[in-house]
Amino acid sequence: MSEDKKTGRARGEDWWRTGIIEMGPGVIRLRGYEIQDLIGRVSFPAMIWLMLRGELPSEDQAALLGIALGAAVDHGPQAPSIAIARMAATCGVGINNAMASAINVLGDVHGGAGEQALSVYGDIAAAMDQGTTLADAVAARLDRFFAEDRGYVPGLGHRFHPVDPRAPRLIELTRDFAARGVVGGRFADIAQAIEAEVARRKGKRIPLNIDGATAVIYGELGFPPPLTRGLFVLSRSVGILAHAWEQSQETERNKGPLPREWLWAYTGTPVRPFPGREDKSS
């Protein structure tokens, strides 16, 4: 039916078409399931899976997703998002404003490495599907990466931790789930092969970090790279909320990024007289 021939009601129903939720008076259905059947039977990670993927996960799939989400909830006020949440709270704004301010800085540099890492893993997996060995696929993808002068390989290294304490545990758990047949373990193989090849090329080990490790889990569970960033935002929002709330209970107002006795370095023009005031000041 053409747009001009649709009735007003049909046009309205078609305006925001969605396969996610059906809602009417006394009725809420998510992906076809009655909300009252989901409540108390489905965990929050399982609900995230259902909303994003359209089907309920297995108990083990939901558990592994919850592990990844729980691992990245906070990294302290040295993380820009957490610091911004706390600074916003000292300005007297509400919890939602403080959270929104913090979430808005989760972009390519702070918060996007997981998506970037999973994209690299996916390229390597696609090459393996075409018959390339793991070692050759990793080497070719890293050749391309370094040829583009991109600098840091996403998912490796940490500016604060010599070894990110979260990453080895996440890989260990991924291996456990793979041994039970919940996931295949392929993305864990890829991530660790990247780590080994980068160490061979640079002559030193640059360990997997939280972004690389959670990207392994999200890849194992079949999430596409763009959702990896969204899942990180969901995870980090927990820490953002906790810090915003804690700071809102304290008395400081307009608390900046540094103690007031530590001022920034000024690199501009030295002090100079305003034109026409030279004689008056002598």
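In which sense, left-handed or right-handed, does H8 pass H10? In this predicted model, where residues are numbered from 1 along each chain as its sequence is written, local features need pLDDT of at least 70, side-chain atom pairs count only at pLDDT 80 or more, and totals for chains, interfaces and linings use all residues. Side-chain values use heavy atoms, with hydrogens and water left out.

Helix H8 passes H10 in a right-handed crossing, a crossing being right-handed if the near helix is turned clockwise from the far one by less than a right angle, and left-handed if anticlockwise. Helices (H or I, at least four residues) and strands (E, at least two) are DSSP runs, numbered from the N terminus. The axes of H8 and H10 lie 10 Å apart and the two helices pack at an angle of about 60°, where axes are lines fitted to C-alpha atoms, for helices over the stretch in contact, and angles run from 0 to 180 degrees between N-to-C directions. H8 and H10 are therefore oblique to each other, since angles under 35 degrees count as roughly parallel, over 145 as roughly antiparallel, 65 to 115 as roughly perpendicular and the rest as oblique.

Both helices also contribute to the largest pocket, for H7 (113–129), H8 (134–147), H10 (186–202), H11 (210–220) and H12 (225–248) each supply at least two residues of its lining. On a 1 Å grid over the protein atoms alone, a pocket is an open set of points with protein on both sides within 12 Å along at least five of seven lines, a cavity is a set of points where a 1.4 Å probe fits but cannot get out, and lining residues have an atom within 4 Å of a point. The largest pocket has a volume of about 1,000 Å³, a volume being the space filled by probe spheres set on the grid points, which are joined across faces, edges and corners. Of its 37 lining residues, Val109, Ala113, Gly157, Asn209 and Asp211 lie nearest the centre, and H7 gives the largest share, four residues. By class, this lining has 15 nonpolar, 12 polar and 10 charged residues, where Ala, Val, Leu, Ile, Met, Phe, Trp, Tyr, Cys and Pro count as nonpolar, Asp, Glu, Lys and Arg as charged, and the others, Gly among them, as polar.

The second largest pocket has a volume of about 330 Å³, and the closest to its centre among its 15 lining residues are Met87, Lys255, Gly256, Pro257 and Leu258. Helix H5 (residues 80–90) provides the largest share of this lining, four residues.

The structure holds one cavity of 30 Å³ or more. Residues lining the largest cavity include Gly111, Glu115, Asp211, Tyr218 and Phe232, and H7, H11 and H12 each supply at least two residues of that lining.

Three strands form an open antiparallel sheet in the order E1-E2-E3, two strands being paired if DSSP finds at least two bridges between them. Strands E1 (21–24) and E3 (33–34) stand at the edges, each with a single partner strand, so one side of each is left without a neighbour in the sheet. E1 pairs with E2 (residues 27–30) over four bridges; Gly24 stands opposite Val27, while Met23 has Ile28 as its bridge partner. The two strands form a hairpin with two residues between them, and Gly26 in the turn has a positive phi of about 80°.
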